[in-house]
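I opened this notebook to keep track of what I looked up, one topic at a time.

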Amino acid sequence: MVAKVVAGGGTHPADAFEMAFTLKPRPDAIYFMTDGLFDEAVAERVLRLNRQGSRPVPIHCIAFGTRDAEALMRQMAQASGGSFTFVPEP
């Protein structure tokens, strides 16, 4: 399934997070990986969604190749009890 995904440019993770937070039962963890910057409002929305559940879900954020979104990803990871990892380009 992932092999059929075609990148179209831009990072728009809001819908994926919304879907993840509606799963029953809630996930034990979310792994968010990106190589780009996303809107600050997405991070705020994700943190609000995470607080609405019965228990917070740790969000483990992994940035590839660029540190553009590092501050937002660190914020999401720290607020959720997750982790942040940066993977540089080879």
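Before counting anything, I noted that rings of Phe, Tyr and Trp (its six-membered ring) pair if their centres lie within 6.5 Å, and that planes under 30 degrees apart count as stacked, over 60 as edge-to-face and the rest as tilted. I also noted that this is a predicted model, in which local features need pLDDT of at least 70 and side-chain atom pairs count only at pLDDT 80 or more, while totals for chains, interfaces and linings use all residues. Residues are numbered from 1 along each chain as its sequence is written, and side-chain values use heavy atoms, with hydrogens and water left out.

**Entry on rings.** I looked up the aromatic pairs and found 3 of them. In one, the ring centres of Phe-17 and Phe-21 lie 6.5 Å apart with planes at 20 degrees, so I filed this pair as stacked. Both residues belong to helix α1, 4 residues apart, which is about one turn of the helix; helices (H or I, at least four residues) and strands (E, at least two) are DSSP runs, numbered from the N terminus. In another pair, the centres of Phe-17 and Phe-32 are 5.1 Å apart and the planes stand at 70 degrees, so it is edge-to-face. Because Phe-17 is in helix α1 and Phe-32 in strand β1, this pair ties together parts that are 15 residues apart in sequence. I then checked burial (buried means under 20% relative accessible area, exposed over 50%, partly exposed in between, with a 1.4 Å probe and protein chains only). Phe-17 is buried at 4%, and Phe-32 counts as buried at 8%. Ring pairs link Phe-17, Phe-21, Phe-32 and Phe-38 into a cluster.

**Entry on strands.** Next I asked which strands are neighbours, where two strands pair if DSSP finds at least two bridges between them. I found an open sheet of 3 strands in the order β1-β2-β3, with parallel pairing. Since β1 and β3 stand at the edges with a single partner strand each, one side of each is left without a neighbour in the sheet. Strand β1 (residues 30-34) is joined to β2 by 5 bridges, and Ile-30 has Ile-59 as its bridge partner in β2. Between β2 and strand β3 (residues 84-87) I found 4 bridges, and here Cys-61 has Phe-84 as its partner in β3. Of the 6 residues of β2 (residues 59-64), 5 are buried, so this strand is largely enclosed by the rest of the structure.
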